[in-house]
Amino acid sequence: MTKRPLAVIAVFFILGIVLAWFLPESVKFSHLFISTLIFITLTLTFPLKGRVKTANIFLLLSIVSFAALLYLNSNTYPNNHISHVLKEEKLKADILGVIKSPALSRKPYYGKVASTYLFEIEAIKDRKDWLKTGGLVQIRIETEKDYHYGDRMLVRGTMRRPQIRRLKPVATENEVVATFRLRKKETPGFNYREYLENQNIFALINTKENNITVLSHDYKSNPILKYTYSLREKLKNQIIQKMPLESGAFLRAILLGDRSELPKDIQTAFKNSGTMHILAISGLHVALIAVIIINLLKVLRIKREISYIFTMLFLMLFALIALSSPSVVRAVVMSCIFLIGMLLGRKVDTYNSLGAAAIFILIRNPKDLFNVGFQLSFLAVFSILYFVHRFMSPIKSDINFYVKKYIFVPLAVSISAWLGTAPLILYYFKIITPVSIIANLLIIPALFASLATGMTFLLLGWMPFLGPIFAALSNIVIHLLFSLAGFFSSLKFGHFYL
Amino acid sequence: MLNISRFERYFILSLIISGTFLISLSYRHKIISANNRIEAIEIKDEQAPININTATAEQLEYLPGIGPVLANDIILYREKLRLFKGIKELRGVKGIGDRKFEGLRGLITTGD
């Protein structure tokens, strides 16, 4: 612990956010502000008397207090913010705002295609007057066409706050689905409103294409985001046009972070085989992509330094394209720190870079601490770091190098990741999946193959003759992965619902 | 517990100080705007009407109720007519009924 300052700071930072979350409402911003100032002054005065240890303790306390301040500020909204304006009931209104993201998801909804976007509200018209307001909401538009980041538009639609418990339509096997009377089932332990509010999304708008007038394009848009998002849209359309539905949807999940169109039965197969993490872009994907690129550049005989810098830039672009979810950002920050360490010829302490990633994400949005993806991602990495060498140390060193590298190490990683995340998965998803330890050993190489073929398809799929070949190749690999997941999910005693 | 040099301690501390300063500015900004009542504003329709005689299919798609297919039909119809003399001629396109046309009124022009 002693030589890992960033890890220690991250732990105290998290402590501060948790503390602020527990604090009663009577504790105001000003109280925390004053306490932070006091701790800072104490940190400054103690080293004068030569008491460095005490100074360090006060430094940690000021970090706790600072994090609490940050969390409190991120939870404060102006009076005219949409979360204050909108009441519990539905509101039918004219809404003026700007699209702030590429399509988050695109899927059929009652027979018609609907896309969702992030939408920043500027004003709403209730009956007569326009009210100036602000805040992010999610907008679902029933449309075949694409809207773009920076489109400023006038929308007529219904706006409501997200449900606290999301009701999922569940069709049992004996039920006739065509009657549209699906039975609804609550997802346990999951608060949809809280989940969205932690991402600063406060309302949902439902509308149709006919009710939208686009006023202008590129309104207050950031050029970097504009180009990455339009690249994302291009890649998405390429996948939709040239790949079969199921494998296309899978490719969109692992490369663009949108798994909305992936059929439910396939998602369930992944869930039951304990390999759901494949479908959400995480450190695994980022690491595999980095490996693919570094090796590709090695084959092209590009200088090591240049290839590392290129890889870092590519990973940052990838994080933006995948809409910078906490787990992607975590992985990209850690890989970049690792690559910088390689460039400078210094060994990077992984706990430290994990801490740096946590601090980076939590400063951007302290509420990400309560995001399931954040928690699983950090817990998995932490337990891999903590357990793997403990598992490996009793294994004798005289066994075959390849057996050790390709069987024992992956097994140890798989077991430690499972140990770290199983309690959390049990809490959130009410499922426990011992099969995942073995399933991961086979599915991760398959994921590597589908990432490699999928990326080739994305880069070269537009070519006239080779394109379909790449598409077919990646399709075959993905179907292999599906059948693996299907096999492991059907094993007896592989998973238990609680 | 925390093994850092003097320089590192002052570095972290200065980051915290500037961070605290920025946070309180942002907080103050939110509170001040909260003291203002919700303000009513005028919205002007900023969109210039789209000229249906010169618009490309992509531009037409931005009109409410017009998708890729209908945009293409409009362009085919325009080629047949050579030019729209008035916006009412748009009604001749299959798929544009009274309701859709009412929705387009004010958003389109023929350029005269």
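Buried means under 20% relative accessible area; at 5%, A:Glu233 therefore counts as buried. The model is predicted.

**Interface of chain A and chain B**

- Contacts join 47 residues of chain A to 36 residues of chain B.
- About 4000 Å² is buried between chain A and chain B, with carbon and sulfur atoms giving 69% of that area.
- Four residue pairs are in polar contact across the interface, while the count of salt bridges between chain A and chain B is zero.
- On the side of chain A that touches chain B, at least two residues each come from helices H1 (5–22), H2 (29–45) and H3 (52–74) and from strands S4 (130–132) and S10 (212–216).
- H3(A) supplies the largest share of that side, 12 residues.
- By type, the residues of that side are 27 nonpolar, 14 polar and six charged.

**Salt bridges in chain A**

- The whole structure has 13 salt bridges over all chains.
- A:Glu122 and A:Arg152 form a salt bridge at 2.8 Å, N to O. A:Glu122 lies in strand S3 and A:Arg152 in strand S6 (residues 152–160), so the pair ties together parts 30 residues apart in sequence.
- A:Glu122 is buried at 19% relative accessibility, and A:Arg152 is buried at 7%.
- A:Lys236 and A:Glu233 form a salt bridge, with the closest N and O atoms 3.9 Å apart. Because they are three residues apart in helix H6 (residues 223–242), about one helical turn separates them.
- A:Lys236 is buried at 3% relative accessibility.
- A network of salt bridges links A:Asp146, A:Glu233 and A:Lys236.

Key: Residues numbered from 1 in each chain as written. Chains lettered and ligands numbered in written order. Predicted model: local features only at pLDDT ≥ 70, side-chain atom pairs only at ≥ 80, totals over all residues. Heavy atoms only, no water. Contact = heavy atoms within 4.5 Å. Buried area = accessible area lost by both parts, 1.4 Å probe. Salt bridge = Lys/Arg side-chain N within 4 Å of Asp/Glu carboxyl O. Polar contact = N/O pair within 3.5 Å; in protein donor to acceptor, adjacent residues only side chain to side chain. Helix = DSSP H or I, 4+ residues; strand = E, 2+ residues; numbered from the N terminus. Nonpolar A, V, L, I, M, F, W, Y, C, P; charged D, E, K, R; others polar. Buried < 20%, exposed > 50% of the residue type's maximum accessible area, 1.4 Å probe, protein only.
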